[in-house]
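Welcome! Please take a moment to look over the sequence and the 3D view before reading on.

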Amino acid sequence: MTMETEDPNQTVVSHFFLEGLMYTAEHPSLFFLLFLLIYSITLTGNLLILITVGSDTHLCSPMYHFLGHLSFLDACLSTVTVPKVMAGLLTLDGKVISFEGCAVQLYCFHFLASTECFLYTVMAYDRYLAICQPLHYPVVMNRHMYSGLAGITWAIGAVHSAVHTSLTFCLHYCGPHHIAYFFCDIPPVLKLACADTTVNELVMLANIGIVAAGCLILIVISYVFIVAAVLRIRTTKGRQRAFSTCTSHLTVVLLYYMPPVCIYLQPRSSGAGAGAPAVFYTIVTPMLNLFIYTLRNKEVKRALQRLLCKGSQETPEGSPPP
């Protein structure tokens with residue numbers, strides 16, 4: 001898995017070997033079917049929500065615009081990791097990933113994950129405006145505003161990921177090529193570098209920590225104002241309706257933030273043992289987001305019903321109209 005350089009005493013890694021998830025080697029077929037089921041539900045469900053939000057005129061508020069972005073991010077985030085995991089369960093060759101492929105996977109993963117982090121913050125701001133400043137909400141959160149906010153999250157996510165990817169792969173990799181993980185992520189890849197990674201680890205902790213902590217603080221501040229505003233609502237029905245629009249967002253934020261804290265705040269301990277929390281937020285959470293938003297949101301459920309009923313009631317080609 002290495003290729004010779006000009007110096008015969010040094011080699012450069014051209015491929016990596018992903019060791020995969022713990023405990024999956026005993027029953028690879030079973031885990032393959034499990035991940036295939038999760039991936040199918042995630043991809044189909046999120047694309048269905050994306051189509052629904054984009055085509056249903058009743059879902060025209062900024063909240064559903066952001067929900068469409070979240071569904072697209074979840075579908076892509078799952079696609080970055082799950083197919084390679086399933087390939088590794090079938091054959092040993094499926095565990096092999098080229099050096100360039102590893103860099104691309106790491107970039108795409110952190111691009112999508114960081115963009116999702118920023119999007120959660122924007123969604124919290126949207127809920128703050130809708131509940132705390134309902135009269136100004138239509139003016140402040142106009143089409144240009146929410147489209148611009150969504151675009152900014154993608155742009156910052158791209159830059160954020162580019163910084164980490166370039167810092168990680170500018171190092172020299174000359175020795176072991178076995179990544180004790182199921183995809184190319186910063187902590188397990190840095191362990192294989194034939195160079196001092198102290199600076200990389202400090203930048204990772206500072207950058208990811210500051211960004212994640214900053215976003216979380218903004219989300220918490222938004223919800224402090226939201227809770228205070230909801231408690232001032234006199235009717236029980238009004239309070240329940242206001243809280244129902246926020247609980248879904250809070251739930252996915254908690255699911256998003258808790259597992260990465262276990263991984264990126266302890267980079268040297270990351271490895272196969274960190275697979276459980278990583279599986280949760282890279283594979284399971286994108287599927288859970290789908291159910292959290294659809295099962296708790298009546299408007300989305302009605303829109304899905306309208307879309308499915310419209311598809312089933314379409315007149316077949318060549319048949320006379322009813």
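The sections below walk through some features of this predicted model.

Let us begin with the strands. Strands of a sheet pair through backbone hydrogen bonds, either parallel or antiparallel. In this model you will find an open sheet of 3 strands, arranged in the order β4-β3-β5, and its pairing is mixed. The edge strands, each pairing on one side only, are β4 (96-98) and β5 (178-179). Lying across part of this picture is helix α3, residues 99-132, which packs on the sheet and touches β3, β4 and β5. The direction of α3 makes about 85 degrees with that of β4.

Now for the pairings themselves. Strand β3, residues 15-18, runs antiparallel to β4, and 3 bridges join the two. With β5, strand β3 pairs in the parallel sense, over 2 bridges.

Is F16 buried or exposed? F16 counts as buried, because its relative accessibility is 0%, and the cut-off for buried is under 20%.

Which residues does F16 touch, once neighbours up to four places away in sequence are set aside? The list is K95, V96, I97, F99, C102, F169, Y173, H177, I179 and L192. One of these, H177, is 161 residues from F16 along the chain, yet the C-alpha atoms of the two are separated by 4.8 Å.

The largest nonpolar core holds 89 residues, and F16, Y173 and I179 touch the most other members. Helix α3 gives the most to this core, with 18 residues.

## Helices and the UniProt record

The unreviewed UniProt entry places the feature "transmembrane region" at residues 30-54, 66-92, 104-125, 146-163, 208-230, 242-258 and 278-296. How do two of these spans look in the model? Residues 30-54 are 100% helix and 0% strand, with end C-alpha atoms 36 Å apart. Residues 104-125 are likewise 100% helix and 0% strand, and their end C-alpha atoms lie 32 Å apart.

Helix α1 covers residues 28-55, which makes 28 residues. From its first C-alpha to its last, α1 reaches 40 Å, close to the 40 Å expected at 1.5 Å a residue. Several residues of α1 are buried, including F32, F35, Y39, N46 and V53.

## A threonine in helix α9

Our last stop is T285, found in helix α9, which spans residues 275-296. T285 is buried, because its relative accessible area is 2%, with under 20% as the cut-off. Leaving aside neighbours within four places in sequence, T285 is in contact with L255 and F280.

Methods
Residues numbered from 1 in each chain as written. Predicted model: local features only at pLDDT ≥ 70, side-chain atom pairs only at ≥ 80, totals over all residues. Heavy atoms only, no water. Pairing = 2+ DSSP bridges. Helix = DSSP H or I, 4+ residues; strand = E, 2+ residues; numbered from the N terminus. Contact = heavy atoms within 4.5 Å. Axes fitted to C-alpha atoms, helices over the stretch in contact; angles between N-to-C directions. Core = buried A, V, L, I, M, F, W, Y, C linked by side-chain atoms within 4.5 Å. Buried < 20%, exposed > 50% of the residue type's maximum accessible area, 1.4 Å probe, protein only. UniProt positions renumbered as here; feature names shortened; annotations may be inferred. Expected span 1.5 Å × (residues − 1).
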